[in-house]
Amino acid sequence: MQDGATNRAYYEAQRLLEVNPDSDLGLRYAINAAALLGKSEEFEHYAQIGAEKYPNDLFYKVKIAQSLDEKGEYDESLELLRGQLEDYPDNPDVTGAYAASSEMYALDLIRDNDPEAAVAVVDSALVFDENNNSLLYTKGLAYEKMHRLDSAYITS
């Protein structure tokens, strides 16, 4: 994968999982390669297997949340990640995934003409990642949509 042979890495990860279905490394490679190859169903499949086999591993929980985000199931994703933030508020993978999910959700809310809800979603993510420029920019977009340009300028 590091050399750019993602198809080969995906194939090898699948072979490893055929021989050893419990392989943490095999699951991680399969998930990451599937993501790079745009194989959403396979990504979700391997993330689910990983979450079942390694229920306390944050990696798989973050990947499940990313899979939910891809399907537009932001409430479920944020709920899963929020539970992890209680125990791991300073984990960069969890806070990053929470910020990304919140941003995607907020952008959808802005497109759906619900900028007030978008601001609330972004504000909940800023509690854990207060200097995230992308979240601040998205909040500014929501304020623009509400025609509160003064707030939009200050935020972004």
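Reader: At what angle do helix H6 and helix H7 pack, and how far apart are their axes?

Author: Axes here are lines fitted to C-alpha atoms, for helices over the stretch in contact, with angles running from 0 to 180 degrees between N-to-C directions. In this predicted model, local features need pLDDT of at least 70 and side-chain atom pairs count only at pLDDT 80 or more, while totals for chains, interfaces and linings use all residues. Residues are numbered from 1 along each chain as its sequence is written, and side-chain values use heavy atoms, with hydrogens and water left out. Helix H6 (residues 92–111) and helix H7 (residues 115–126) pack at about 175°, their axes being 8 Å apart, and the two are therefore roughly antiparallel (over 145 degrees). Helices are DSSP runs of H or I with at least four residues, numbered from the N terminus.

Reader: Which residues of H1 are buried?

Author: Buried means under 20% relative accessible area and exposed over 50%, with a 1.4 Å probe and protein chains only. An α-helix has 3.6 residues a turn, so residues three or four places apart point the same way. In H1, the buried residues are Thr6, Ala9, Tyr10, Ala13 and Leu17; they cover an arc of only 100° around the axis, taken from the directions to the C-beta atoms, which puts them on the same side of H1. On the other side, Asn7, Arg8, Glu18 and Val19 are exposed.

Reader: What do the buried residues of H1 pack against?

Author: Contact means heavy atoms within 4.5 Å, and the buried residues of H1 pack against helix H2 (24–37) and helix H3 (40–53).

Terms used: Parallel < 35°, antiparallel > 145°, perpendicular 65-115°, else oblique.
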